[in-house]
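Here is a short report on one protein. Please keep the sequence and the model in view while reading.

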Amino acid sequence: MSSDVYEAVASGFKRSSEIPKDDDLYYRCLDCNGVIPSVPTKNVGCECGNVFIDKDYWRLVVADLSKIEVVRKKTS
Ligand SMILES: [Zn+2]
């Protein structure tokens with residue numbers, strides 16, 4: 001059994017435009033604990049709907065900014 005391990009990069013954002021995105025960054029929803037890539041290949045959102053990325057417009061929509069954390073996948 002292997003499970004992905006993430007380390008926190010940043011949180012406590014005031015607006016969604018402050019939130020960084022990169023190939024190795026992911027967003028964790030602190031409500032449902034879902035993790036989604038910050039640069040997705042298609043529209044993606046967490047299970048509870050707090051975090052959603054509209055890939056066509058590169059738009060990040062966060063219902064509650066206190067419930068999102070930027071994380072990076074740990075190697076090894
Ligand atoms: Zn969620």
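## Basis of the model

This is a predicted model, in which local features need pLDDT of at least 70, side-chain atom pairs count only at pLDDT 80 or more, and totals for chains, interfaces and linings use all residues. Residues are numbered from 1 along each chain as its sequence is written.

## Overall make-up

The protein has seven strands and zero helices. Its elements run β-β-β-β-β-β-β from the N terminus on. Both kinds of element are DSSP runs, numbered from the N terminus: helices are H or I with at least four residues, strands are E with at least two.

The C-alpha atoms fill a box of roughly 35 × 25 × 20 Å along the principal axes. The radius of gyration is 12 Å, which agrees with a compact globule of 76 residues, where a value near 11 Å would be found. That radius is taken over C-alpha atoms, and the globule rule is 2.2 Å times the number of residues to the power 0.38.

Of the 76 residues, 17% are buried. A residue is buried if 20 or more other C-beta atoms lie within 10 Å of its own, exposed if 12 or fewer, and partly exposed in between, with C-beta atoms placed from the backbone. Among contacts with a separation of 6 or more, 45% join residues 24 or more positions apart. A contact requires C-beta atoms, placed from the backbone, within 7 Å.

## The three-stranded sheet

Strands β4, β5 and β6 form an open sheet in the order β4-β5-β6, with antiparallel pairing. The edges are β4 (44-45) and β6 (59-62), each of which pairs on one side only. Two strands pair if DSSP finds at least two bridges between them.

Strand β5 covers residues 51-54 and pairs with β6 in the antiparallel sense over four bridges. Here D54 stands opposite R59 in β6.

Most residues other than glycine have a negative phi. Which way does phi of N33 point, positive or negative? N33 has a positive phi, near 65°. This residue sits in the loop between β2 (25-29) and β3 (35-37). N33 is exposed, because 10 other C-beta atoms lie within 10 Å.

W58 also has a positive phi, near 50°. Its place is the loop between β5 and β6. Is W58 buried or exposed? W58 counts as exposed because it has 10 C-beta neighbours inside 10 Å.

How values were computed
Two residues are in contact if their C-beta atoms, placed from the backbone, lie within 7 Å.
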